[in-house]
Amino acid sequence: MDALILQLLNGMDKGAAYALIALGLTLIFGTLGVVNFAHGALFMIGAFCAVTMQRILSLSSTVIDETQKDFLGNPLKIEVPYVQSWFGDVAGAAIQDWSVPLSILLVIPVMLFVGWAMERGLIKHFYKRPHADQILVTFGLAIVIGEIIKAFYGANPIQTPSPAALTGSVDLGVGLGFEANTIIYSVWRIVYFFFAAFIIAAVFAFLQFTTFGMVVRAGMADRETVGMLGIDIDKRFTVMFGIAACVAGLAGMMYAPILSPHYNLGMDFLVLSFVVVVVGGMGSLPGAVLAGFVLGIVQSLSSMNEVKAIIPGIDQIIIYLVAIIILLTRPRGLMGRKGVMEE
Amino acid sequence: MGILEVKGVNKRFGGLQALGDVNLSVAENTVHAIIGPNGAGKSTLLNVLVGKLIPDSGSVMFDGQSVLGRKPHEINQMGISRVFQTPEIFADLSVFENVMIPCFAKRDGAFRMHAIESTHHEKDMAEQAMAMLDDVNMADKRDMIASSMSRGDKRRLEMAMCLVQDPRLLLLDEPTAGMARADTENTIELLKDIRKKRGITMAIIEHDMNVVFSLAERITVLAQGTPLVEDVPEKIKGHPKVREAYLGEAQV
Amino acid sequence: MLGLNSRDFRLFLIVCALCVFAPILLNPFPVASSLGESFNAGYPALMQRFVIFGLLVIGFNILFGLTGYLSFGHAAFLGVGSFAAVWMFKLLSYNVVPAIILSVVVAGLFSVVIGYIALRRSGIYFSILTLAFAQMMYSIAFSDLVGKLFGTIVTNGETGLQVYNDDPQILMSEGSPTVPHLFGLEMNSAFTWKVGGWEFVFQNGYYLSAIFMILGFYLSIRIFRSPFGMMLRAIKSNQTRMSYTGLDTKPYMLAAFVISGMYAGLAGGLLAAMDPLTGAERMFWTASGEIVVMAILGGVGTLVGPVLGAGVIKYLENIVSKINDSILHNWFAFMPDWLENLMVTVIHPFIGKGWHLTLGLLFMAVVIFLPGGLMQLGEKIATLFGRKKKSDDAKSGATEPAE
């Protein structure tokens with residue numbers, strides 16, 4: 001029982017990441033009608049924003065400390081991060097420690113810009129092209145982004161620690177009435193889950209309660225009709241693309257401590273996110289979120305030793321299996337609407 | 001006993017009775033029009049006839065066999081061809097190929113793995129297709145890509161694609177909807193011509209009275225999902241019930 | 001000739017001739033020259049890739065080019081074919097015939113099952129279903145899940161599958177070769193012809209692969225010109241009209257899918273026959289993506305486009321990844337130093353290990369500017385050089401008299 005709950009919890013943060021990427025994919029698909037294979041790359045850019053922030057914050061000036069000597073007897077050179085010399089030792093160290101959450105300052109402008117540039121520079125020209133072309137051009141873009149990241153950051157995963165206060169784990173089992181040390185759960189994963197829930201809630205609230213969101217929802221339901229109303233839907237869609245990019249970027253940024261970013265991260269998550277979108281039902285936002293969590297949890301449950309003892313390695317293929325079964329029994333996905341991508 | 005017999009067909013969509021106890025008999029070798037005001041259930045009826053919708057009750061028999069539950073391609077293989085409101089053609093293929101495909105479908109059935117034979121060696125098929133194109137005055141357009149033609153020509157091509165299969169029943173779904181006056185006249189002429197030359201049984205679903213009265217030999221008036229009257233055109237024209245149905249619509 | 005019309009037959013002959021003389025045509029520079037080092041492509045390992053990937057993309061084009069169904073998981077069939085072939089080497093002997101036959105059969109079986117399921121959906125759903133299947137198969141192969149399930153080795157996981165000394169090889173007799181061979185004709189043995197500074201290598205393995213590619217090319221022409229091919233194009237054009245014309249689209253689609261899966265299996269078998277080891281990375285989805293790139297670059301739905309696309313990509317991959325900074329410095333030596341260094345710095349990210357960056361950019365450029373691929377580019381250039389040729393072509397292409 002306790003093991004089951006632990007796996008359920010483990011599935012939550014992975015599911016949250018899937019849900020966030022799938023949410024952005026669905027927004028883009030629903031509003032712009034574009035299948036974006038570069039969305040995983042946006043997730044990755046977010047993660048690398050966190051890496052960049054960490055590096056920026058540890059930029060240092062070299063100070064020669066005459067009071068100390070190194071082993072050769074020369075004055076010791078000490079690297080003093082600028083943030084520490086500007087804000088004082090304690091505050092500076094704290095800022096550095098909190099680099100991942102602080103990267104939000106970097107992620108939002110970067111992602112808005114990337115989203116805007118992608119939509120205006122590339123995607124815009126593909127609204128009227130076949131889906132196959134959209135897939136192909138964004139696939140090419142995903143390769144290019146991955147390779148650019150590789151050129152700047154190398155091919156190895158880069159450790160990006162979470163703040164010390166949020167590192168480590170808590171014993172959730174005690175609170176739930178289990179014995180101590182049965183359900184140990186990483187603090188950062190809990191943070192991630194609540195962060196994701198907050199973002200998802202924010203996106204839904206935005207779509208539900210703002211005029212902008214209303215127009216976008218109308219556009220998702222019937223693009224042509226809204227076009228006839230004379231609303232400049234395209235401009236709003238550009239903004240929507242930026243928002244979707246932000247959601248993916250934020251998801252990636254916060255995921256950096258859980259999975260060290262590397263240049264293939266985008267591709268790894270993309271394939272699974274697409275499966276999530278399709279399982280949820282192309283064009284359905286609640287479906288994307290639901291499917292994200294369901295698949296995350298299913299994957300986590302199937303990685304239990306008890307399950308793996310029966311079918312080894314099932315955790316690696318379970319998502320695909322579930323996807324295939326769902327698509328065959330419910331061709332439109334869990335919450336897909338009729339008429340979306342039927343042709 | 002007609003070639004197409006519709007008996008006691010009912011279809012509900014939620015609370016809406018789209019078709020209520022429809023009985024209809026299309027006699028062989030006639031042009032039978034089904035008319036009615038908007039929302040009378042014409043399209044629903046057509047979709048039942050081609051297997052796209054399954055009625056809640058009732059039967060649809062074509063030449064003694066039920067069409068219910070069959071897929072569109074099976075119904076076509078039984079001998080029913082359909083012309084759509086907006087022409088459905090193979091837009092990326094040449095006019096000639098558009099007509100060749102139904103020839104093959106007629107000869108080889110729903111599927112045949114003829115992957116090695118050359119299309120150009122199928123002389124019989126080619127002759128049939130060319131004769132058909134001649135018939136509809138499109139022989140000179142045989143190598144055009146179908147999508148590059150005018151709407152009227154597309155309609156003509158679609159007609160040719162149906163006729164080349166020599167169907168026993170041709171279903172036409174508002175064949176002149178959205179057409180310019182001249183195109184409508186042309187289509188009427190084309191249909192009259194086909195009727196005269198080939199004597200094909202047709203069932204037309206139509207809104208345009210002009211088209212109906214210049215073609216139909218028998219008319220069924222549908223209102224609120226139920227057949228109101230069925231008679232020859234001359235009688236329908238002055239029929240009080242029909243006037244009521246249409247005038248009722250006009251007042252709204 | 002051979003059941004082809006004159007225009008197709010000419011094309012077929014050209015492809016045959018190119019295949020036969022490739023070892024000479026692809027080695028235009030003397031071996032020792034710097035141009036030769038960078039640009040010669042006439043060595044067996046690379047030429048094998050040209051024809052094998054050409055074959056693979058020809059098959060892919062039958063599915064994507066004719067029906068418009070974009071499969072994003074074709075590399076899976078390639079991998080399955082390779083594994084089947086290596087298993088034949090392990091169990092029977094190094095003779096390539098059973099290996100190649102089994103690779104086609106196994107890939108065919110897999111594509112029947114996957115196609116049957118994936119083809120229940122169309123458009124983007126189909127692409128993602130094939131992608132999901134391929135990723136699943138990759139995971140299974142990469143961790144050898146089947147092997148683990150039965151406590152044995154099937155794909156041998158990360159290590160990859162190869163032939164070991166203690167394998168049964170029940171058909172191996174004393175003197176038979178210990179490398180893949182065709183009834184004694186060893187795949188990797190070659191005849192080298194030296195003329196002046198030039199060196200031309202004629203290798204058995206290359207020619208065997210080339211024969212298969214030519215056969216595959218011939219079959220694809222026949223399919224393109226057959227009623228079956230016409231039906232597939234009709235499916236791409238309008239499925240509604242297809243079914244209201246009395247045609248069942250499903251078996252046509254499945255047949256196309258299986259045919260292209262078998263092409264991929266054959267290509268996989270040939271890869272294994274050239275080099276008898278294989279690993280799961282061959283099935284990774286970026287490999288599937290590369291197949292799509294080749295098809296698009298060459299020209300989807302054209303006859304020679306796929307071969308062209310496969311050749312260009314494999315050639316570029318080869319030379320681009322070979323070029324390094326010192327070669328660049330040599331090239332730009334005539335420039336003033338500052339310009340030379342600038343050029344090298346600018347080009348540096350795209351060469352060597354940057355091949356994938358170049359590939360991605362090339363990919364985007366083709367989709368954006370040349371959706372018809374190199375074949376379309378060729379046509380455009382042809383029209384530039386005179387209208388007459390174009391109208392000639394159009395005439396002979398469209399109004400083909402029944403021979």
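Two strands are said to pair here if DSSP finds at least two bridges between them, and strands themselves (E, at least two residues), like helices (H or I, at least four), are DSSP runs numbered from the N terminus. What we have is a predicted model, in which local features need pLDDT of at least 70, side-chain atom pairs count only at pLDDT 80 or more, and totals for chains, interfaces and linings use all residues. Residues are numbered from 1 along each chain as its sequence is written, while chains are lettered from A and ligands numbered from 1 in the order in which they are written.

Let me start with the hairpin in chain C. Strand E4(C), residues 190–195, is joined by six bridges to strand E5(C), residues 198–203, and the two run antiparallel; C:Ala190, for instance, has C:Gln203 as its bridge partner. Two residues lie between the strands, and C:Gly196 in the turn has a positive phi of about 55°. None of the six residues of E4(C) is buried, so this strand lies largely in the open, where buried means that 20 or more other C-beta atoms, placed from the backbone, lie within 10 Å of the residue's own.

Now the interface. Counting a contact when C-beta atoms, placed from the backbone, lie within 7 Å, 36 residues of chain C touch 31 residues of chain A. On the chain C side, the largest share, 12 residues, comes from helix H6(C).

Finally, confidence: pLDDT, the predictor's per-residue confidence from 0 to 100, averages 86 over chain C, with 95% of the residues scoring at least 70. Over residues 389–403 of chain C, however, pLDDT stays under 50. For the complex, the predictor gives an ipTM of 0.89 and a pTM of 0.88.

Note on methods
Contact = placed C-beta atoms within 7 Å. Buried ≥ 20, exposed ≤ 12 C-beta atoms within 10 Å, placed from the backbone.
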